[in-house]
Every structure is written in structure tokens, then in C-alpha cells.
Amino acid sequence: MSFKDNQLEKVAYIEQVLKAYLPEKEGYQELIMEAMEYSVMAGGKRLRPMLMMETYRMLGGEGNLIEPFMAAIEMIHTYSLVHDDLPAMDNDEYRRGRKTTHVVYGEDMAILAGDALLNFAFETATKAFTMFPEKSTQIGKALQILAGKAGIYGMIGGQVVDVKNAGNPVSKEVLDFIYELKTSALIESSMMIGAILAGASDEDVQKIERIAKGVGIAFQIQDDILDVTSTAEVLGKPILSDEKNNKTTYVTLIGLEKSKEQVEQISMEAIELLHQFKPEDSFLEELLTSLIHREK
Ligand code: GRG
């Protein structure tokens, strides 16, 4: 099977898992379940659950222990997008090719849907305790990573520095800090949780964290590039959003060509580090390679 077909099959499987873990639409609060489903099932590349699942598989993980965490990481990622699109942040009308949650459900419900997704992510991940009580230690460690990497020392921390500095020139050092927290942290969380639940040693989990950090930074630089080179139709969200928000990016700091070189170099370093795990199949490597020239 070609890499592309394989990837499509895996996305379809991830979407099945997501659907299975989303809450039933019921009760007087039904509207919030609808808004959660609207945001999560809007499409998207499903990169984070895919990286989690593939890291788990690469390190010998089997069965469905990983599934509640795959759903949880996509819920956290989606909440961050819903809140990032709000009028108080980027004020964007389109995401994943459709109207943003606040445009469809109103600002109040979009705030609540984001909050709900964050909470429900943890309700979902903790289901692993009931499914596999004998894996409680690993599940506990995975939860610690899930919480930490999304929080003030992770994604939220990065977003704070990003928002606070919008409109001001930012040094390369601060920009790297923002990218590592805002974008890499959730990618690190995805791959580290895959490793932890597969039973990897602390040392291997640290190696995976390093690989994921590179993947995340390269992913964010490519995001900067696509913001100036792509179209709204292809991306499913507005282009030139960094310019609109007066943001320093790799493109404004070092230019388009050098940014492309950085994506390639940082990604190749991550792929090189992946080889130490001697993966049995090449899907994860092909996935990381495909991100270098991704168009959306
Ligand atoms: C609002 C708490 C809070 C955090 C916001 C993640 C984030 C921090 C903001 C979203 C906007 C953004 C540019 C984030 C950087 C990471 C990134 C490139 C997200 C988009 O991820 P994709 O391309 O999206 O994987 P899909 O839709 O494919 O899942």
C-alpha cells in the first residue's frame, strides 16, 4: 500500500476512535456536546494522535490502551484551536475549511466548548485506568505528561508569550521559546505518551521527547511558510494571519528560503535520531518526511 493510502486508512481509524469517545448529545446541555463534536469532527490532519499511535507501535505497544489518549490529545489540540480563533485572540472565521466554532455557536458557547474539550480530554484519558488497571503506573505517568505539556510550562505558556509579544519585534531566542512551547509541547506529549504506554524506559522517553521537539519546531516553521505561500482554499483557514496579527515569524526573521532550509535540516535531524529505535516499518519516518513539504 502507498504511504498516502496507508495514511488515509489511519486517519479514518483515528476518526472512529474520536467519535467513539465524544460524549452522547443529550440532556439540557446538549448544545455543548454539539459544539464539541462540530469542532473535533471538522477534519484536520490528526497528526498528534497519529504520532502517538505510531510511536506506541514502534516501541512495541499493542491493543487499545492508547486509544483514550489518542482521543484526549486531539480534544486538547482542538480546544486550543477553538480558543485561538476567538475574537479576543486571532479573530478568525475559518478553520479546517469551515466556519469557526464561535461563528456558528457564538462566542460564549465557543469558550465553553473549548473548556469542555479540555476537561473531557482528561475524563477520556482516565478511562484507561478502568480498561487496564494493571497499567496504572504508566497511565499515571502519561496523564502527568498530558497535563504538563498542555499547561503553563507547555502550550499555554507559549501562547502567553506569543500573544503578549504580538506587535513587537521578537528575538530568535524568544521565538524559539514560543515555538517550543506553543507547538512542540503537544507534539512532544503525543510521542512521549505513545512511548510511555508502550512501556519504554525513562531514557527512551527522553530520546523521543528530543525527536518530537524537532518535529514540532519544523512543523511550526512550515506553518509560518504556508501562511505566506499557500491559499485559504488549500489551508482551510485564512492566510497572511501572522501579518494581520503583527507577529514575528521565522519568515520575517530569516526569510522564506532560509526558513525552508531550516524545516528540512531540523526534520532530517529528527529522522536521523529516530533510526536509533530501528523501526520495523517505515511509516513514521515517511510521515515525518512528508511534513517537510506539507502543503496544509
Ligand atoms: C488558545 C490555549 C490556547 C493555545 C493556542 C495551538 C495554539 C496555541 C494555537 C493555534 C494556532 C497555531 C498556529 C498553533 C500552532 C500549532 C499549529 C500549527 C496548529 C495547527 O495544527 P494543525 O496544522 O491543525 O495540525 P489541524 O487542523 O490539521 O489539526
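I sorted the shell around the ligand by class and got 4 nonpolar, 7 polar and 6 charged residues. For this I counted Ala, Val, Leu, Ile, Met, Phe, Trp, Tyr, Cys and Pro as nonpolar, Asp, Glu, Lys and Arg as charged, and the others, Gly among them, as polar.

The model is predicted, with local features needing pLDDT of at least 70 and side-chain atom pairs pLDDT 80 or more, while totals for chains, interfaces and linings use all residues. Residues are numbered from 1 along each chain, and side-chain values use heavy atoms, without hydrogens or water.

I looked up which residues come nearest the ligand: of the 17 around it, they are Lys45, Arg48, His77, Asp84 and Arg96. A residue counts as near if one of its heavy atoms lies within 4 Å.

I then checked polar contacts, meaning N or O pairs within 3.5 Å. A side-chain N or O atom of Arg48 is 2.8 Å from a ligand oxygen. For His77 I found 2.8 Å from a side-chain N or O atom to a ligand oxygen, and for a polar side-chain atom of Arg96 also 2.8 Å. The ligand alone exposes 700 Å², of which the protein buries 92% (Shrake-Rupley, 1.4 Å probe).

Next, the helices (DSSP runs of H or I, at least four residues). Helix 4 (67-84), helix 9 (155-165), helix 10 (172-197) and helix 11 (202-229) each supply at least two shell residues. Helix 4 gives the most, 6 residues.

Last, I listed buried residues (under 20% relative accessible area, 1.4 Å probe, protein chains only) in helix 2 (30-40); among them are Ile32, Met33, Tyr38 and Val40. Their cover includes helix 1 (3-21), helix 4 and helix 6 (107-125).

Note on methods:
Polar contact = N/O pair within 3.5 Å; in protein donor to acceptor, adjacent residues only side chain to side chain. Buried < 20%, exposed > 50% of the residue type's maximum accessible area, 1.4 Å probe, protein only. Contact = heavy atoms within 4.5 Å.
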